[in-house]
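Here are a few friendly notes to read alongside the coordinates. I have kept them to points that can be checked by eye.

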Amino acid sequence: MATSLKPPTVASALLKQPTAMTKEESSMKYYSDDLVTGYIYDKHRDDDTTKIDLPHYISVIENIMTLADRITDAVLRGTDGRLVPSDESLTSNVSIEPPLCALHNITSELSCKAPGIENAHEITLKIFELLANYPWEAKAALTLIAFATDYGDLWHLYHYSHTDPLAKSLAIIKRVAMLKKHLDSLRYRQVLLSPNSLINSCLQAIKYMNQIREFSKYDVKELPELPAALRQIPLITYWVIHTIVASRIEISSYLSETENQSQKYLNELSEKIAIVLAVLEKHLDAIREQYEEVDLYRWLVDHIEHYHTDITLVMSKLLSGKIEAKPLIDGSTLREVSIQESLAGKNVVLVISELNISDDDMRALHQVYNELKRDNKHEIVWIPIIPERFLEEDRRRYEYLRSTMKWYSMQFTTRVAGMRYIEEKWQLREDPLVVVLNPQSKVEFTNAIHLIRVWGTEAIPFTHNRTELLLRKHWPESTLVKFTHQPRLLSWFNQERSILFYGGKEPKWIQQFEERAEFLKSDPLVIEGRSFEIVRIGKNSRGEDDPALMARFWKTQWGYFIIKSQIKGSSASETTEDILRLISYENEDGWAVLTVGPTPILVGRGLLILRLLDDFPKWKQMLRLKGFPDAFREYFNELAAKTHQCDRVILPGFSGWIPMIVNCPECPRFMETGISFRCCHGRPLV
């Protein structure tokens, strides 16, 4: 895969080295990455039509350099290079078909050149021209194998010169003995012998480039780091070849006893190649992490959605990406327990949340936990989502929350290995996510937090069958009753009494509604036709307005709507329309819900409800022919038909499935969708 990059705009004149420069004045500062990159793309094609088996070339280079190093090590130990090859070196069966003419030309360019950065730069560019049709990393590998062939040949001749007259004569001609004199010098070690030598670093850089190139067969959407890494390869290839050229000039200076490279230049090259390796390592670490994430994501898709697998293995992979994960913390004993010991054979209720999980949700989870412990078939596991750059306050919050939980908790960590799966498949957002898995890791319910908020422990065991059964109730029973403190309400339900549930943000509207409702209740026609009751939503047990209670109320309405839409479809019945209509009135001055017993009759906006009550003289004669709920609904519909007001619903950041298409609660059209953005400048929402 060839990189497709536009060359930087760099003036060619800037690339020319200043003239009349002494050896010590030469510096790599005149060869900045920007200038070198500009020249590469200005003068050289980005071509990869001629391929080589790069891993095999790397293997051959390693074999040559390893055996040469063993010979030099033996020489340094005073054994005159007499070396018994290891079985490993004798059994190497790697085969390559090198381009001999190209290697000969490279060797020619590398041989007997004067020292200095200018010459190394010019030779590097000539090698680029010789290898124009090869991929970038192949250019580097071919240059290094040309170097390794020449270098290995020198020590191979020296090794056999003690027993083979031909080798001895050739070694004399090539002046290998001169190379031996420099073996214990710091300069020689800097170029060749040390683990971080220039040549060893070049080989490592080629390995890294090969690894990066191997990842190019994957979709860059899944490995977003890959394009940035590939863009670095041409420049890195330049510096690798430049370093090889400079190193070969240094070796030549030992053999010919001529001027060698300046120490400053060698030091700058060491620094440069170290930076190159650091850049490559950083890219590779990021790519590997992304690849592991992709690989884990695919594994989780297979083993959760298709090939159901033991829950302990799935949980280990989900949390850590490994077969063995860190132990969980048992909230009831505060000891660490392995996933195998704690979850084997159990249904698992995963609670995935940020550290701002509400007290209401925590109380509800405690009730669920206490109920689940009765049959010992379920276990709850909390997976905290902790910011990558967490504060000490976050750790304290985690410790506090964990201390209040009797169930299992994941240990403090900023990394959940399966986060991509959790976000994309289970759709974790801002709100807590509760996923129920059976012992074979099959998902029984994708987000049971709404079941818990609406029905509490009634929703256990959080299956679709149980949810279907709960949805058979009239929705006011599930979403309105628990937010009132009317002790006679259930009795009124049984008597099929007409009930007006009401609430709102504006106290004045509440007062006007109550005054008009009491006036209606005192009318003889209403009394004669069986009166109605009014029930306030939003007061606590002491009769005080309770904003926290109302916050839970609206979450419950949303929860019911989402569950009903998910199970039955968002436009499957009047139920979802009634609930959505009520939700759309959350910020209205007031609203009312009329039921007969638990059966919903209508949901109305506060303005229309007050107008209907004010217009009672206009429709009260209908009570002679119809019951109160029918007369109320008929006149309400007349008023609604004459009134136009756009409805708007803002879906909170709930986790899990949410409806993407919603019928308008007032008309048969689909509601328009859009995107909204909000920022509170770091302060709480008001």
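1. A residue counts as buried here when its relative accessible area is under 20%. Phe 616, at 1% relative accessibility, is therefore a buried residue. Trp 619, with a relative accessibility of 0%, counts as buried too. Please keep in mind that this is a predicted model.

2. Now for the overall picture. The protein chain has 686 residues, and 51% of them count as buried. Its secondary structure comprises 28 helices and eleven strands. If we take the contacts between residues at least 6 apart in sequence, 72% of them join residues at least 24 apart.

3. Back to Phe 616 and Trp 619. Both sit in helix H27 (residues 616-619), and because they are three residues apart there, about one helical turn separates them. How do Trp 619 and Phe 628 pair? Their aromatic pair is tilted, with 6.4 Å from centre to centre and 50 degrees between the planes. Phe 628 is buried, as is Trp 619.

4. The aromatic pairs deserve a look as a group. The count for the model comes to 27 aromatic pairs. In one of these, the ring centres of Phe 616 and Trp 619 are 5.0 Å apart and the planes lie at 85 degrees; planes over 60 degrees apart count as edge-to-face, so this pair is edge-to-face. Phe 616 and Trp 619 also belong to one aromatic cluster, together with Phe 532, Phe 628, Phe 632 and Tyr 635.

5. Next, a helix pair to display. The axes of helix H10 (residues 198-214) and helix H12 (residues 263-306) come within 10 Å of each other and cross at roughly 25 degrees. Angles under 35 degrees count as roughly parallel, so H10 is roughly parallel to H12. Which hand does the crossing of H10 and H12 have? The crossing is left-handed. On the H10 side the contact includes Leu 198, Ala 205, Tyr 208, Met 209 and Ile 212, while H12 contributes residues including Leu 266, Ile 273, Leu 277, Leu 284 and Arg 288. By class, the residues of this contact of H10 with H12 are 14 nonpolar, four polar and two charged.

6. Helix H22 (residues 507-521) and helix H26 (residues 606-614) have axes that come within 10 Å and cross at roughly 30 degrees. With that angle, H22 is therefore roughly parallel to H26. The crossing of H22 and H26 is left-handed. From H22, the contact is made by Trp 509, Gln 512, Phe 513, Arg 516, Ala 517 and Leu 520; from H26, by Gly 606, Leu 607, Ile 609, Leu 610, Leu 613 and Asp 614. What classes of residue make up the contact of H22 with H26? There are eight nonpolar, two polar and two charged residues.

7. Finally, a word on Arg 453, which lies in helix H18 (residues 449-455). Is Arg 453 buried or exposed? Its relative accessibility is 9%, so Arg 453 counts as buried. Arg 453 and Phe 553 are 100 residues apart in sequence, and their C-alpha atoms are 9.3 Å apart in space.

Conventions:
Residues numbered from 1 in each chain as written. Predicted model: local features only at pLDDT ≥ 70, side-chain atom pairs only at ≥ 80, totals over all residues. Heavy atoms only, no water. Axes fitted to C-alpha atoms, helices over the stretch in contact; angles between N-to-C directions. Helix = DSSP H or I, 4+ residues; strand = E, 2+ residues; numbered from the N terminus. Parallel < 35°, antiparallel > 145°, perpendicular 65-115°, else oblique. Left-handed = near helix turned anticlockwise from the far one by under 90°. Contact = heavy atoms within 4.5 Å. Nonpolar A, V, L, I, M, F, W, Y, C, P; charged D, E, K, R; others polar. Phe/Tyr/Trp six-rings, centres within 6.5 Å; stacked < 30°, edge-to-face > 60°. Buried < 20%, exposed > 50% of the residue type's maximum accessible area, 1.4 Å probe, protein only.
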